[in-house]
Amino acid sequence: QVQLVESGGGLVQAGGSLRLSCAASGGTFTSYNMGWFRQAPGKERELVAHINWSGSNTYYLDSVKGRFTISRDNAKNMVYLQMNSLTPEDTAVYYCAAGGYCTGYAYCANAARYAYWGQGTQVTVSS
């Protein structure tokens with residue numbers, strides 16, 4: 001079983017940056033594709049960014065392209081989400097998730113494809 005623990009959330013002003021981290025344990029990290037999802041109050045959970053097991057393929061929500069970058073360090077069992085130029089619309093709880101093979105944003109955006117989830121970390125962007 002894989003355990004995921006997110007960190008790095010917090011309160012930031014619009015235009016600022018945050019770096020989220022997700023530490024994985026209890027499984028073979030390279031067996032999993034990884035995703036960062038977010039859920040704002042009253043809204044559905046959405047895939048923000050996805051990275052395949054090797055880091056060679058990434059997918060992003062259109063609204064974060066050019067601002068967010070997902071990366072992973074397989075030697076450390078870590079996945080990161082660098083978030084720049086944050087806006088109040090980015091305010092949400094951000095979740096790290098581990099899943100099997102998928103390709104393309106739409107296919108990977110299905111939360112049911114991810115077997116393991118972290119507890120989430122709150123990101124609040126003030127205007």
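Biologist: How many cavities of 30 Å³ or more does the structure hold?

Modeller: This is a predicted model, in which local features need pLDDT of at least 70 and side-chain atom pairs count only at pLDDT 80 or more, while totals for chains, interfaces and linings use all residues. Residues are numbered from 1 along each chain as its sequence is written, and side-chain values use heavy atoms, with hydrogens and water left out. Rolling a probe the size of a water molecule over the atoms shows where empty space is left. On a 1 Å grid over the protein atoms alone, a cavity is a set of points where a 1.4 Å probe fits but cannot get out. The structure holds 1 cavity of 30 Å³ or more. A volume is the space filled by probe spheres set on the points, which are joined across faces, edges and corners; for the largest cavity this is about 40 Å³.

Biologist: Which residues line the largest cavity?

Modeller: Lining residues have an atom within 4 Å of a point. Among them are Val2, Phe29, Tyr32 and Asn77.

Biologist: How many salt bridges does a search of the whole structure find?

Modeller: A salt bridge is a side-chain nitrogen of Lys or Arg within 4 Å of a carboxyl oxygen of Asp or Glu. The search finds 4 of them. Arg38 pairs with Glu46, the closest N and O atoms being 2.8 Å apart, and also with Asp90, at 2.9 Å. Asp90 lies in the loop between strand 8 (78-83) and strand 9 (92-99), and Arg38 in strand 4 (residues 33-39), so this pair ties together parts that are 52 residues apart in sequence. Strands here are DSSP runs of E, at least two residues long, numbered from the N terminus. Another salt bridge joins Asp62 and Lys65, with closest N and O atoms 3.0 Å apart.

Biologist: Is Arg38 buried or exposed?

Modeller: Buried means under 20% relative accessible area, exposed over 50%, and partly exposed in between (1.4 Å probe, protein chains only). Arg38 has a relative accessible area of 6% and therefore counts as buried. Asp90 is buried as well, at 1%, whereas Glu46 is partly exposed at 30%. Asp62 is exposed, because its relative accessibility is 59%. Salt bridges that share partners join Arg38, Glu46, Arg67 and Asp90 into one network.

Biologist: Where is Gly55 found?

Modeller: Gly55 is in the loop between strand 5 (46-51) and strand 6 (58-60). Contact means heavy atoms within 4.5 Å; leaving aside neighbours within four places in sequence, the contacts of Arg72 include Gly55, Ile51 and Met78. The C-alpha atoms of Gly55 and Ser71 are separated by 6.7 Å, although these residues are 16 residues apart along the chain. At 33% relative accessibility, Gly55 is partly exposed.

Biologist: Which residues does Ser21 touch, not counting those up to four places away in sequence?

Modeller: Ser21 touches Val5, Glu6, Ser7, Trp36, Met78, Val79 and Tyr80. Ser21 lies in strand 3 (residues 18-25) and is buried, with a relative accessible area of 13%.

Technical notes:
Helix = DSSP H or I, 4+ residues; strand = E, 2+ residues; numbered from the N terminus. 1 Å grid on protein atoms, 1.4 Å probe; cavity = no way out; pocket = protein on both sides within 12 Å on 5 of 7 lines; lining within 4 Å.
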